Amino acid sequence: VVQGTGNVVLTPLGESPINFAITDATRVQFNVPTAKQITIVGNIPTQYLCLGTTMQDCKGKPIDVTIGSGVISRTNTASPAP
């Protein structure tokens, strides 16, 4: 994947949305060279996160992730082989 333009928006349940500009390398990081993972560096309180556990065991606060059209693009647009 490659960055486009726009925001990744994280919205903790019952709270205001938090916008992260996809072009802000200090807060949105693409793992290089594989570029298959994006890390959001933000101020979400750790009690909202479920690290090292399964969703069945997760007791953190749900966070809605919204990524609009054009924020992230594919590097290779060729169709995969069947």
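A nonpolar core is a set of buried Ala, Val, Leu, Ile, Met, Phe, Trp, Tyr and Cys residues joined through side-chain atoms within 4.5 Å. Keep that in mind as we look at this structure, which is a predicted model.

The largest nonpolar core here has seven residues: Val8, Leu10, Phe20, Ile22, Val28, Phe30 and Val71. In soluble globular proteins, nonpolar side chains tend to be buried together. Where does valine 28 make its contacts? Leaving aside residues up to four places away in sequence, valine 28 touches Phe20, Ala21, Ile22, Ile38, Thr39 and Ile40.

Three strands make up an open sheet, with antiparallel pairing and the order 3-2-6. Strand 3 and strand 6 are the edge strands, and each pairs on one side only. From one strand to the next, the twist averages 20°.

| Edge strand | Residues |
|---|---|
| Strand 3 | 18-21 |
| Strand 6 | 63-67 |

Let's zoom in on one pair of strands. How many bridges join strand 2 to strand 3? There are four, and the two strands run antiparallel. Valine 9, for example, has asparagine 19 in strand 3 as its bridge partner. Strands of a sheet pair through backbone hydrogen bonds, either parallel or antiparallel. Strand 2 and strand 3 also form a hairpin, with five residues between them. In the turn sits glycine 14, with a positive phi of about 80°.

Methods:
Residues numbered from 1 in each chain as written. Predicted model: local features only at pLDDT ≥ 70, side-chain atom pairs only at ≥ 80, totals over all residues. Heavy atoms only, no water. Buried < 20%, exposed > 50% of the residue type's maximum accessible area, 1.4 Å probe, protein only. Contact = heavy atoms within 4.5 Å. Pairing = 2+ DSSP bridges. Axes fitted to C-alpha atoms, helices over the stretch in contact; angles between N-to-C directions.
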